[in-house]
Amino acid sequence: MNPMVETIRERIQQGLDPVQLEVLDEGHKHAGHAGAGKGHFHVRVVSAAFAGKLPLQRHRMVYATVEDLMNHGIHALSIDAAVP
């Protein structure tokens, strides 16, 4: 497994205590564009911490757990954030 996937997973787990969490390395889908091949990830996270939050607020919460990794291992992060 990609060590960055594991790092992202650990950060989100600690910060949001999700009931479901999936982190996918999607670097292979970005051939031909800047940063291609690495640093592209997709996160699907389901957490009670998102209750009452708008989608933008949920995304900000996820970004907050990995913000120091942005441009230091994460080039792009797509997020699906839901409430259980």
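1. A word on terms to start: helices (H or I, at least four residues) and strands (E, at least two) are DSSP runs, numbered from the N terminus. With that in hand, D17 sits in the loop between α1 and β1 (20-25). D17 is not a glycine, yet its phi is positive, at about 45°. Its relative accessible area is 58%, so D17 is exposed (exposed means over 50% relative accessible area, buried under 20%, partly exposed in between, with a 1.4 Å probe and protein chains only).

2. Please keep in mind that this is a predicted model, where local features need pLDDT of at least 70, side-chain atom pairs count only at pLDDT 80 or more, and totals for chains, interfaces and linings use all residues. Residues are numbered from 1 along each chain as its sequence is written, and side-chain values use heavy atoms, leaving out hydrogens and water.

3. Now look at the helix pair. Helix α1 (residues 3-16) packs with helix α2 (residues 55-66) at an angle of about 120°, their axes 8 Å apart. On the α1 side, the contact (heavy atoms within 4.5 Å) is made by I8, R11, I12, G15 and L16, and on the α2 side by M61, V62, T65 and V66.

4. Then find L69, in the loop between α2 and β3 (76-82). L69 counts as buried because its relative accessibility is 9%. Leaving aside residues up to four places away in sequence, L69 touches M4, T7, I8, R11 and I74. L69 and T7 are 62 residues apart in sequence, while their C-alpha atoms are 9.3 Å apart in space.

Notes: Axes fitted to C-alpha atoms, helices over the stretch in contact; angles between N-to-C directions.
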